[in-house]
Amino acid sequence: MTTPLTHHTTQTHFLSKPPLNPKPRAFSARVKMSLQQSAPSLAVVGVTGAVGQEFLSVLSDRDFPYSSVKMLASKRSAGKRVAFDGREYTVEELTAESFDGVDIALFSAGGSISKEFGPRAAEKGTIVVDNSSAFRMVEGVPLVIPEVNPEAMRGIKVGKGKGALIANPNCSTIICLMAVTPLHHHAKVKRMVVSTYQAASGAGAAAMEELVQQTREVLAGKPPTCNIFSQQYAFNLFSHNAPITENGYNEEEMKLVKETRKIWNDTEVKVTATCIRVPVMRAHAESVNLQFENPLDENTARELLRKAPGVYIIDDRASNTFPTPLDVSNKDDVAVGRIRRDVSQDGNFGLDIFVCGDQIRKGAALNAVQIAEMLL
Ligand SMILES: NC(=O)c1ccc[n+]([C@@H]2O[C@H](COP(=O)([O-])OP(=O)(O)OC[C@H]3O[C@@H](n4cnc5c(N)ncnc54)[C@H](OP(=O)(O)O)[C@@H]3O)[C@@H](O)[C@H]2O)c1
């Protein structure tokens, strides 16, 4: 198993291999109320991965209440130690029995693991919040961004003795819809064109290491090692590595199309996307072009975005300062800028915006923990 980026590591500091979850968080002066006997029991599936490690950071940062927590990964990692909330835990191998007595399980071990173990856990009464694409488009499984469509998981609560599956949307969809939904509610999006600039972290901890390794190799004049990606990533960019589907779009692009419709409960909205991997360590960027049914000028859009939860604006034309992946790395909120009228559309029916968000945090772990908070 590869070693993931830890919560406090920034893109510029990620130059040497950090140990797995190296620094147990020191107890702060404030009293932590998260470990409570009456609180739900948790399991983190894929705890050694990029998203799994971020789950631990977010749970701790938000004082998520829990009575116990199981740290689960593959056989390869069984026995490793991980730190959480000032204590050390031993990683256990994921098995069918892992979910006995578990109230909430946060899954991030890939689609095949979710498909194999998610339904079994739900049958045992566990509420599964799944980060993979396994159940996102399954009818009856809520696909939730808490700021956007919390109503989709209405009635699902811990303590009712009933398990459930809840899906976390794709990271690019979450980041995009965090910024676009407030505009959609005001003026109704008819068509959305998304171009993404996606970071290595979206492909997991091993991909981040490969980018570091390739950067060193290329600078040293050596051929880059390509294990995770099939081509040179350092000092390059390429079409997203997701498989290409029959219509010529790759799966990442089609996720943006289909998930937007499900989350907005709008089968009519037209969405197209081009997804690109760029050699950025962490946090995705997205250029979004919008066409509205009703007029929306850029000042009103700015006002709507200013008030939107989980969104902040970086849009200083005078100094040419707009959102960057570094601005949002390790941050909860999504940054929006380049807010401008689309001059190719008549009147105030079109806008262009540029969005950046940490896809391990809001695009994965934070969104899932926010969902878990709504279960309490
Ligand atoms: N990275 C992102 O930004 C992001 C965003 C949204 C969603 N996701 C989704 O989250 C999932 C994990 O992504 P990641 O980026 O965290 O990947 P990662 O860094 O490669 O981590 C994968 C995790 O899955 C575990 N795992 C693999 N095989 C397993 C098995 N047979 N049984 C139990 N655990 C197993 C690994 O454990 P070992 O250490 O034992 O191998 C590791 O903990 C994927 O479904 C991905 O699509 C990722």
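A residue is called buried here if 20 or more other C-beta atoms lie within 10 Å of its own, exposed if 12 or fewer, and partly exposed in between, with C-beta atoms placed from the backbone.

Some notes on the model follow. Residues are numbered from 1 along each chain as its sequence is written. This is a predicted model, in which local features need pLDDT of at least 70, side-chain atom pairs count only at pLDDT 80 or more, and totals for chains, interfaces and linings use all residues.

1. Overall build. The protein chain has eight helices and 15 strands; helices (H or I, at least four residues) and strands (E, at least two) are DSSP runs, numbered from the N terminus. Its radius of gyration is 21 Å, close to the 21 Å that the globule rule gives for 376 residues, so the chain is as compact as a globular protein of that length. That radius is taken over C-alpha atoms, and the rule is 2.2 Å times the number of residues to the power 0.38.

2. Of the 376 residues in the protein chain, 46% are buried. Among contacts with a separation of 6 or more, 71% are between residues 24 or more positions apart; a contact means that two C-beta atoms, placed from the backbone, lie within 7 Å.

3. Helix α2. This helix (residues 111-123) has 13 residues and reaches 18 Å from first C-alpha to last, close to the 18 Å expected at 1.5 Å a residue (1.5 Å times one less than the number of residues). There is a kink of about 35° at F117, shortly before the proline P119; the bend is the angle between axes fitted to the seven residues ending there and the seven starting there.

4. What covers α2? Its buried residues are I113, S114, F117, G118, A121 and A122, and their cover includes β1 (41-45), β6 (104-107), β7 (127-130) and β8 (164-167). Just after the helix, G125 takes a positive phi of about 100°.

5. The α3/α8 pair. The axes of α3 (residues 171-187) and α8 (residues 361-374) come within 8 Å and cross at roughly 90°. The two helices are therefore roughly perpendicular, a label for angles of 65 to 115 degrees. On the α3 side, C171, I174, I175 and M178 meet K362, G363, A364 and N367 of α8.

6. Two phi values to look at. Most residues other than glycine have a negative phi. N330, in the loop between α7 (325-328) and β14 (334-341), has a positive phi near 65°. R338, in strand β14, has a positive phi of about 50°. N330 counts as partly exposed because it has 19 C-beta neighbours inside 10 Å, and R338 counts as partly exposed with 16.

Methods. Axes are lines fitted to C-alpha atoms, for helices over the stretch in contact, and angles run from 0 to 180 degrees between N-to-C directions. Angles under 35 degrees count as roughly parallel, over 145 as roughly antiparallel, 65 to 115 as roughly perpendicular and the rest as oblique.
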